[in-house]
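Morning, everyone. Please look at the screen while I walk you through this chain.

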Amino acid sequence: FFCMKFTLTAVVAVMVVLPLCTHLSHAQKAVVHTNYGDIDFHLLHEDAPRTVANFIQLARSGFYNHTYFYRLELGFVLQGGGYYNNQTSNNTVPLEYKIPNSNWTVGLARGDTPNSGSSEYFINLGNNSAALAPGGSSKHGYCVFAFVSGGFDVIHTLLALPTHFSNSDGMTEFDKPWPIVSSIEIVFV
């Protein structure tokens, strides 16, 4: 009777704990370490699994080490990745548009084709839901794969840095030196 009771308890414990552990394996955040402080992203595995997996792989490989936040469009986006140090990833992911690009969400930048997103990411600095939805500024929309969960003070510091409009790139950029992303660390919460 004792063995049967112990076995039943063990089976019930495994049935309860195993799904919890599986869920926890996806409960990750990204800590973006900058020269101004840290910014935390809560990763949205269930809504953009391939995009999150790609972002995690790039972060863990060191791809984002010594990259920059280079673009700042007040009320629109703060953008980073490997664009300006000629560091590009050959990994592209299919577009996973599911969540609107609302304030403080993190999206994957891409080229003209819907499945060209790779390593460039942006923080929405306003409600860009209409502009970045399918049929907005782009036929296909932009994937949200995370939301900012910490480091708002760091973002506000970045928003106060001087910028200029670059005619050659057609966007507003930080004056140099650009804010440095020393690394992106993936951690369990």
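First, a term: contact means heavy atoms within 4.5 Å. Take contacts in the chain between residues at least 6 apart in sequence; 69% of them join residues at least 24 apart.

Some ground rules. This is a predicted model, where local features need pLDDT of at least 70, side-chain atom pairs count only at pLDDT 80 or more, and totals for chains, interfaces and linings use all residues. Residues are numbered from 1 along each chain as its sequence is written, and side-chain values use heavy atoms, with hydrogens and water left out.

Now the layout. The chain has 3 helices and 10 strands. These are DSSP runs, numbered from the N terminus: helices are H or I, at least four residues, and strands are E, at least two. From the N terminus, the order reads α-β-β-α-β-β-β-β-β-α-β-β-β.

Next, burial. Buried means under 20% relative accessible area, exposed over 50%, and partly exposed in between, with a 1.4 Å probe and protein chains only. Of the 189 residues in the chain, 45% are buried.

On to the core. A nonpolar core is a set of buried Ala, Val, Leu, Ile, Met, Phe, Trp, Tyr and Cys residues joined through side-chain atoms within 4.5 Å. The largest one holds 37 residues. Which of them touch the most other members? Phe41, Leu43, Tyr121, Phe145 and Ile184 do. Helix H2, residues 49-61, gives this core its largest share, 5 residues. There is also a second, separate core of 5 residues, with Val77, Ala109, Phe122 and Tyr142 among them.

Leucine 43 deserves a look. Set aside its neighbours within four places in sequence. Its contacts then include Val52, Phe55 and Ile56, and also Phe145 and Ile186.

Back to H2. Its buried residues are Thr51, Val52, Asn54, Phe55, Ile56, Leu58 and Ala59. What do they pack against? Strands E1 (28-34), E2 (37-43), E5 (105-108), E6 (121-124), E7 (144-150) and E10 (180-188). The expected span is 1.5 Å times one less than the number of residues. For the 13 residues of H2 that means 18 Å, and the end C-alpha atoms are 18 Å apart, which agrees. Just after H2, glycine 62 takes a positive phi of about 90°.

Last stop: tyrosine 68, in strand E3, residues 67-73. Buried or partly exposed? Tyrosine 68 is partly exposed, because its relative accessible area is 25%. Glycine 82 sits 14 residues from tyrosine 68 in sequence, and 7.1 Å away in space, C-alpha to C-alpha.
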